[in-house]
Amino acid sequence: MTLVLSAAGLGKRFADGRGDRQVLADLNLDVRRGEIVALLGPSGSGKTTLLNLAAGLLDADAGQLWLHDENGRHELSALDVRRRARLRRARVGYVFQFFNLVPTLTVRENVLLPLQLNRRPDLVGRALGRLQALGMAPHLDAFPEALSGGERQRTAIARALAHEPLLVLADEPTGNLDADNAVRVVTLLWQEVRALDSALLVATHDERIASQADRILRFGR
Amino acid sequence: MNLLLRSQLRFVARSPWSALAALLGVVLGVTSVVAVHEIGTRVERSLDRVVPPYLAYASHVAERPGMNADDYFALRRAWRAGAVPGISAMAPLVEGQVLASDPDGGAARDADSSRVLRIVGVDWLSLPGALGNRAGAGVAPVTTPGAAGANGSALATATIAALLRSDTVLADRSLGLPRGARIAVDGASYEVVGVVDGQSGVLYADIGVAQRLLGLSADAVSMVVLASEDPWRSWRVLLDRLMPGLSAGLAAGSAPALPGGTAGWRVRALAQELPSAAFARSVLFNLGALGTLSLLVAWFLIYQVAVIWLHRQRSVLERLDVLGATTAELALGFVAVFVLLGLAATAVGLALGLRLAALLAQAQGAALASAEQGGGFDGVVLGKALVSGLGVCLLGACAAFLRDRDRLHAPRWLAGAVRVLAALGLVLGLGLERSGLAGGMLAVLCATVLALSLVNPLLRLLRIPGVRGAGEPRGLLLRAGLRDLHWYPRVLNVALGALALAIAVSLGVALMVASFRSDFTGMLAQRLDGDFYIRGDVAGLAAAAQWLQGRPEVRRVRSYGSAAQRADGLPVDLGYARFDTAEAARYGVAAALPVGAALISERLARTLHLAIGETLEIAGRRLTVAQTFPGYGDARPRVLVDVATARELGVTLQFDRLTVDLWPAQSQQAAAGLAARLQQTFPQLDVQSQRALRAQALAIFEQTFAVTGALTLLALVVALFGIYAALTALRLIQAPVLRLLESQGVSGRELLGVTLIRSAATGAMALLIALPLGIAMAWMLCHVINPRAFGWTLNLSITPGALLPPLLGGLAAAVMAGVLPAPRERGVHDAAP
């Protein structure tokens, strides 16, 4: 399978009130298309940090991290902020635990936002179709404040996949949901990612969710 | 220490920049209030000094055409019989002019050692308090307490006793006659028994002495001074203590009604008798209004800082709520910090205000500086500083806290009621001439309230419709950015209102100043159209005129003089000159001014409700109004007549100014050479080129309005801070959205673009409100405030030069506020990642 994300000797430290703290150290990783990798570990173990590094939102302190596409591999720390943003908007989809949607855009507009950013009007029909498949048809013109937690996460999934990215990053996507909604959202996310043949890196502390992934990467404090 | 307060204090320590901004805002407000109070008090004291002694207890003066002692005694009998209610004292008065000489040293003054003096004679014994006369017991001087004394308004008993002799007079300080000096009139000599600060060029005497000095019969009386019981007096004094000059903004109380048997009396308020003092008090009122504006600015700063601090601490406050802290406890901790800020700012503002007032007084010259000696630090200013500093902080912090906690709900009907009241206030303020300067200011305030009530409806208009269908998505970031303005009106509306107000004030003032400059420049070009202007003693000027008329380069020499007179009983400056076609043209009159015609200042026309073609009475003769003229800067109303008319009015002509016109072919050098020769020949005269005078007048004009310009610029800077604080609060609310957009690959440049457009939209909304409001303010300043305060109207001219800078400045402020980085202060959201 085609490589999407790879890391070699990746390290990241944070300074806080207690001094310097090593969050990631010497991490090596390969993620391929169609693969679902669960990052399992307690809070503060570095799961979100890895996702943010993969999205190019943070700079690594040590090692290298590459994002691979049809143009070759891109070492994220070698790119400036602007190029990283361009690469992220085209190749990455991100789902957060909460506050996933722009509150001043409707459901439809939130999902269309990545297509506008990537100038991909050709994908509008498919993105809206996916939104309907996720059960959001009645809420297309609603603002996020009018949605339930589950509906918001389904919209966030539709938004993360709208531009059909190579890599989807999900940070505790069900952490804010009840058990039934959590199962439903995870199932949908898995289905859609597999349908697109994208790679999924999902951070969770839930063993049941992690067990459904192709591979588990365990993080400890 | 209370832990909640401790937590708040630590938060402030982590927010040094916003704390400093808040502190500076309140310091600015307190400094303005203290400085305005101090300057106002000094001006009031110096004004008291120009109140002539016979008016120290007066509230009105009354006169009737051709009146004599019989009229006075008839009125007095009616008063004693109880037919003139509300009057506590009355005294007869005569006035007129004489040619006097100074037997001791007159030669040094004039070639013929004589000069025209104004004589005022009063029955001092009828005045309240004189020589134990208790007729007016309980009647306090109408002027500010503390100003009485031999050198103040009311005369000392010993001075009055000395005045009752048959050969004594009291001299105004401007005459330069020391105590003990003698002055001769018609061969009789009079001793100066005291010197007072009052009206320029006046000798005061007992009524009998004055009648003799003026060559009048013993039953001559010019007018009657009335002291009325003003039921509102204590309120007026209190208002003036609160804000010096405030009572001048209120309409004058109604004149006492004189009984039917004394029909034909004209009664005038003291303000009309002392036009220069009324003029100065109007200036004071405007100063006071500016001081109040600075407090409003300070409140706004505090409010915005409180809003931003509340946003930064939102999660902490929510957690404390969960822990069981009551709203009152949270409010107390939050507001206590602002109280401490207010105390610190009050101390600094008080010190700065006193210092500023001292410097300004020093710059304004001896009158205000010497007024300081009578005053010193008073408790009122300390109280005002404390109330201003603490009040602003308390009100700002409480308003922000209550709004944040959703406790500040105004019922829907209240907004409607406020609009209706504002509309009513606007109509009354503009329509009721009697509402005076305060009515004009009320109209400005009401127009502002009405305009600012449009802020929320405008924000609501930004309900941008959602994208429909499956077309190509466009402008989603922009939509989101603009919808922020619609979604968070509570964060933005106060700042937006303040920005609109700042732009409107800048615009209104800029248009008014530009209109004033245009009219003033026109007036200067018309009036100062000659080449030289010469001032000096009468004899010197006469010799200079003769010298000049023999020069080939001189086309014309014009002589001017003036005298104090009464027009329809009102004190005026009567100016006279040869009003040929050229001279009349300077005032917009096509033909030479005939005998019996007069030009009157707009202020006089307004006070006497006179139009062109109507008549007014001077020295028993009726003159026809041929034209009105603006008379900017004149402290007293003016009447201009031809010399022939002045002679008919019995005026002793004395020309104390000359203007010289050269033939047009004369070069600048030739003109300068002639001026130099003239000055050399007559060193005692003051020779100035009209061009230099014009430049000097314009420089003074610009200097006068420099403070106004600085204040309006300050308002814009504060508005910039306000809108910056509001947009920063919006950014704090939206920090998660920004992180989300960043995760979607939105670049910093794109985010900046959205921010810029959102800020520009904010600015545009402010402009939408500010443009009509600013023009309306300018119109009110030109056509309502100026006429009511100073008696002149300005022609409002709306020019791009005046219009664009405030508009562009406001827009730039809004855009800058959006682009400036958020302050790097460690708040509760800024924990390590």
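**Working through a predicted model**

**Exercise 1.** Is B:G763 buried or exposed?

*Solution.* In this predicted model, start by counting: B:G763 has 27 C-beta neighbours inside 10 Å. Next, bring in the cut-off, since a residue is buried if 20 or more other C-beta atoms lie within 10 Å of its own. So B:G763 counts as buried.

**Exercise 2.** Find where B:G763 sits and what it touches.

*Solution.* Then skip residues up to four places away in sequence: B:G763 touches B:G810, B:L811, B:A814 and B:V815. Finally, check B:G809: 46 residues separate it from B:G763 in sequence, yet the two C-alpha atoms are 9.8 Å apart in space.

**Exercise 3.** Work out the strand order of the five-stranded open sheet in chain A, then zoom in on β3.

*Solution.* Going across the sheet, you get β6-β7-β8-β3-β9, with parallel pairing. The edges are β6 (92-95) and β9 (215-218) of chain A, each pairing on one side only. From one strand to the next, the twist averages 15°. Now zoom in: β3 (residues 36-40) of chain A pairs with β9(A) in the parallel sense over four bridges. As for A:A38, its bridge partner in β9(A) is A:I216.

**Exercise 4.** Describe the side of chain B that touches chain A.

*Solution.* Start with the counts: 24 residues of chain B are in contact with 34 residues of chain A. On the chain B side, α17 (476-487) and α25 (735-743) each supply at least two residues. The largest share, six residues, comes from α17(B). Sorted by type, this side of chain B has 12 nonpolar, six polar and six charged residues.

Definitions and conventions:
Residues are numbered from 1 along each chain as its sequence is written. Chains are lettered from A and ligands numbered from 1 in the order in which they are written. This is a predicted model: local features need pLDDT of at least 70, side-chain atom pairs count only at pLDDT 80 or more; totals for chains, interfaces and linings use all residues. A residue is buried if 20 or more other C-beta atoms lie within 10 Å of its own, exposed if 12 or fewer, and partly exposed in between; C-beta atoms are placed from the backbone. Two residues are in contact if their C-beta atoms, placed from the backbone, lie within 7 Å. Two strands pair if DSSP finds at least two bridges between them. Axes are lines fitted to C-alpha atoms, for helices over the stretch in contact, and angles run from 0 to 180 degrees between N-to-C directions. Ala, Val, Leu, Ile, Met, Phe, Trp, Tyr, Cys and Pro count as nonpolar, Asp, Glu, Lys and Arg as charged, and the others, Gly among them, as polar.
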